[in-house]
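These notes are meant for a colleague who is opening the model for the first time. Please read them with the structure in view, point by point.

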Amino acid sequence: MAEQESLEFGKADFVLMDAVTMPEFMANLRLRFEKGRIYTFIGEVVVSMNPYKNLNIYGRDMIEQYKGRELYERPPHLFAIADAAYKAMKRRSKDTCIVISGESGAGKTEASKYIMQYIAAITNPGQRAEVERVKNILLKSNCVLEAFGNAKTNRNDNSSRFGKYMDINFDFKGDPIGGHINNYLLEKSRVIVQQPGERSFHSFYQLLQGGSEQLLRSLHLQKDASAYSYICPGAQLKCSINDGAEFKAVADAMKVIGFKQEEIQTVYKIVAAILHLGNLKFCVDGDTPIIENSKVVSVIADLLSTKAELVEKALLFRTVATGRDVIDKQHTEQEATYGRDAFAKAIYERLFCWIVTHINDVIEVKNYDTTVHGKNTVIGVLDIYGFEIFDNNSFEQFCINYCNEKLQQLFIQLVLKQEQEEYQREGIPWKHIDYFNNQVIVDLVEQQHKGIIAILDDACMNVGKVTDEMFLDALNNKLGKHAHFSSRKLCATDKTLEFDRDFRIKHYAGDVIYSVTGFIDKNKDTLFQDFKRLMYNSSNPVLKMMWPEGKLSITEVTKRPLTAATLFKNSMIALVDNLTLKEPYYVRCIKPNDKKSPQVFDEERCRHQVEYLGLLENVRVRRAGFAYRQTYEKFLHRYKMISEFTWPNHDLPSDKDAVRKLIECHGFQHDVAYGKTKLFIRTPRTLFTLEELHAKMLVRIVLFLQKVNRFNKVEDRAIFITDRHLYKMDPMKQYKVMKTIPLYNLVGLSVSNGKDQLVVFHTKDNKDLIVCLFSNDPSNDSRIGELVGVLASHFKREKRSLHVTVTNPVQCSLHGRKCTVSVETKINQSQPDFTKHRSGFVLCVPGN
């Protein structure tokens, strides 16, 4: 039987709302946030609110409470979803995935870290060294990827500026044996420019703040970030990231993962070279562009292990092959600046991808033979950017929002599919549900020859000067009649759109206006071949490895590379195909306010997120006529005490018959349907009534009297035993849990040999619990047999022996101090009572 949350905290599952409306959804979300309950279920989906404070709900004790439990047996938590995905993978050999979504600052990255932490904690009981190594690298990889892929934004001090999908591979025992990371669309434009109030990637500031004087001197750097033009806008910003401490943590993590010292040194050199690149100044001498501060060129050449004259040539000239002739075409000042910035972005992106590849090489499953080791199963964790609407939305937001359209489509499809399949399996008629199918928007973006990406690629392939305005014209001509596309040319009276600049897409999450400025450049993602050759010819082997295409000769004809949008589209299609093959679990993250305050619930901000995450739609799909379903066995386990036909055990032919009898004796038969293995309950009201009956009966079943040894007071307490824990509860405070003893900490029982029902629970840590079982029932039936029976069956399942000693006086240990409890009978005493004695305690019991 599970410990359930009281309704004072709101409904723990949105499926149990009386009416599926936005006001009721928001009221429940607000109540739970204000009561400190940041997690709520929608069936098998967890809705997670960012609490903006540290909560003590992720420790070892909490992990034990969720380990091996069914989803509905404990209050909503990330651990419940992580355990459900792990159980499905281990029990049924199913590949599973956990998809974490939400906007920047909603807590996605933290959620993924807690899920990883949980999986690491519950696996490898045998402490195999290789499994521990893999677990350690998987956990440490987060720290490294955050340093190079995260940044402070206006919404979040540790915002992931890339998408991440991590597969964790498990052996047949359910222990992690390896993994693989895929990264998506690093926001490399942040290397050269940031919005006001934002920083570049953490790695730059960490190197300057955490690097030793000797290291910085070798890299020709100073500590002051404002000295470097690429990152100076964010130099003075307050950030909750401790750059100095993080630098050391990242360096230590890289060593644990297996980066060699010279590789770590190369990483620092690349980061430093980018900072110096940003400080290069171009000017014109007559018609000839030159570099003003040529000393910086020598520094860059030194850091990149190449020659200064080669760096200068790559920055100022472009080598062009015309037939058999090769000529050096001089850059204009504008072209030189563009080339320099493109080079800086490309070096950083290559560095990031190299780091990911290096981690993959270390954690990849090697020499795994399924015939010897059994099936290798996978849990995937997807932590990817959420839907974004900024004041200025460019190419990056377009890609990110397309990604969210794809994932939302998959989400609704899979949830619907899972529901339909369950109804079919259970023989329950399926009721059609109206929902918004966003396939039409996905097609608008990705359809071959007709979609926005295809039109953008066509514009990029045109010969001659192609402008962003020409791309917008092509969109207007080809998509003018599409219901989800508009621009100022198509809606001349709509003054929210600028002529020749903006277009609007009606996304499932709301309308977004995109500025076409920069679309052509960002999609072409041009980097002059000269820079690739420069890096390939570096004497640093790590750098050389990052630029394999630099070995091509100047005159060699190469295939046109795929554009940035097409590469991203292909990676999204592959990701969705991968997720479709797995059993999905979802975490939907919500940001309560923009002030990062633990107290403020911004109704409008939260409602907008609920709308674009499709949460109300999710509730409708999950309800599909029935608010709750449970297997007959589990339903009986929780509610059997509310019917004389089922308590303590039933003698009917099956659990299904017993559930039918219980339902009928309370008059709920018109609000349920009986599946093959599950009971389906139509309205939440019936479930709440069952819970009320369960709570009333609980008082009569579990109320005992317990001696509290601290302060020598006698107090009424309830003792409640589940399949995992023994709880001490206060019946005067709605059965608030006062103490929890995990059953694995219990080593045996001592009971007295009289009718007094004295019991001592012996624990490994010598903090024994002394109780006197007492029933308000006039018959005062002995509960000892029931108690011993419950614990004996638990110990048997765990393959442990339960030691029971029958004696008077009873020996016990309180906080390591040995003492005895003896029993005496007293005439005219109405209640049992404990009194202090020099050797321990005396239990005085009624003798009449």
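1. Helix H5 gives the most to the lining of the second largest cavity, with three residues; helices (H or I, at least four residues) and strands (E, at least two) are DSSP runs, numbered from the N terminus. The model is predicted, so that local features need pLDDT of at least 70 and side-chain atom pairs count only at pLDDT 80 or more, while totals for chains, interfaces and linings use all residues. Residues are numbered from 1 along each chain as its sequence is written, and side-chain values use heavy atoms, with hydrogens and water left out.

2. About 60 Å³ of space lies in this second largest cavity, whose lining consists of Thr109, Asn142, Leu145, Glu146, Asn150, Ser160, Phe162, Lys164 and Asp383. By class, these lining residues are two nonpolar, four polar and three charged. Here Ala, Val, Leu, Ile, Met, Phe, Trp, Tyr, Cys and Pro count as nonpolar, Asp, Glu, Lys and Arg as charged, and the others, Gly among them, as polar. A cavity is a set of points, on a 1 Å grid over the protein atoms alone, where a 1.4 Å probe fits but cannot get out, and lining residues have an atom within 4 Å of a point.

3. How many cavities of 30 Å³ or more does the count give? The count comes to six, where grid points are joined across faces, edges and corners and a volume is the space filled by probe spheres set on the points. The largest cavity has a volume of about 90 Å³, and its lining divides into nine nonpolar residues, two polar and no charged. Helices H5 (129–149), H6 (202–210), H8 (243–257) and H9 (261–278) each supply at least two residues of that lining, with H8 giving the largest share, four residues. Among the lining residues are Phe148, Gln206, Met254 and Tyr268.

4. Seven strands form an open sheet of mixed pairing, in the order E1-E2-E16-E3-E12-E6-E7. Strands E1 (39–42) and E7 (176–184) stand at the edges, each with a single partner strand, so one side of each is left without a neighbour in the sheet. The twist averages 20° from one strand to the next. H5 packs on this sheet, touching E6 (163–170) and E7, and the direction of H5 makes about 20° with that of E7; axes are lines fitted to C-alpha atoms, for helices over the stretch in contact, and angles run from 0 to 180 degrees between N-to-C directions.

5. Within the sheet, E2 (residues 45–49) and E16 (residues 583–590) pair in the parallel sense over five bridges, where two strands pair if DSSP finds at least two bridges between them. Val45 has Tyr586 as its bridge partner in E16.

6. Not counting residues up to four places away in sequence, Ser394 touches Tyr514, Ser515, Thr517, Phe519 and Lys522, contact meaning heavy atoms within 4.5 Å.

7. Gly847, in the segment after strand E31 (840–846), is partly exposed, with a relative accessible area of 35%. Leaving aside neighbours within four places in sequence, Gly847 is in contact with Thr825, Lys826 and Ile827.

Conventions: Buried < 20%, exposed > 50% of the residue type's maximum accessible area, 1.4 Å probe, protein only. 1 Å grid on protein atoms, 1.4 Å probe; cavity = no way out; pocket = protein on both sides within 12 Å on 5 of 7 lines; lining within 4 Å.
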